[in-house]
Amino acid sequence: MPTSEHRLQAARALIIQQLRGTADAQFRNERVLQDGQIVCMEVAVAAEEDRASPAFTKAVVITRPDRAPSVWVDRGHEVVAHIACELA
């Protein structure tokens, strides 16, 4: 059975794919919920040169045994990941 760390690593990889392979993503506030089926975190791509720090946004990966994982990274005014993580 996968450990929490394995689930976090898998979720990070899926989120990086969602961000089109951005390898320099930063993660924080990671949580594994509901027996590992939901992984919530905040993600940011490396800061641009004119910014002092990266802007973090919520992300969620939902994994069910009978279907492919669902990945959401909130962009702009979307709050899908935020709501999913708050209700989990």
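A salt bridge is a side-chain nitrogen of Lys or Arg within 4 Å of a carboxyl oxygen of Asp or Glu. This is a predicted model, in which local features need pLDDT of at least 70 and side-chain atom pairs count only at pLDDT 80 or more, whereas totals for chains, interfaces and linings use all residues. Residues are numbered from 1 along each chain as its sequence is written, and side-chain values use heavy atoms, with hydrogens and water left out.

**View 1. The salt bridge between Glu30 and Arg12.**
The side chains of Glu30 and Arg12 meet at 2.7 Å, N to O, and the structure holds 5 salt bridges. Glu30 lies in strand β1 and Arg12 in helix α1, so this pair ties together parts that are 18 residues apart in sequence. Helices (H or I, at least four residues) and strands (E, at least two) are DSSP runs, numbered from the N terminus.

**View 2**
Leaving aside neighbours within four places in sequence, Arg12 is in contact (heavy atoms within 4.5 Å) with Glu5, Phe27, Glu30 and Met41.

**View 3. The open sheet of 4 strands.**
The strands follow the order β1-β2-β3-β4 with antiparallel pairing, where two strands pair if DSSP finds at least two bridges between them. The edge strands, β1 (26-33) and β4 (70-73), each pair on one side only. Neighbouring strands of this sheet are turned by 15 degrees against each other on average, direction ignored; axes are lines fitted to C-alpha atoms, for helices over the stretch in contact, and angles run from 0 to 180 degrees between N-to-C directions. Helix α2 (residues 80-87) packs on the sheet and touches β1, β2 (38-44), β3 and β4, while its direction makes about 65 degrees with that of β3.

**View 4. Partners along strand β3, residues 57-62.**
Strand β3 is joined to β4 by 4 bridges, and Val60 has Trp72 as its bridge partner in β4. Ile62 stands opposite Ser70 in β4. β2 and β3 pair over 6 bridges, and Met41 stands opposite Ala59 in β3.
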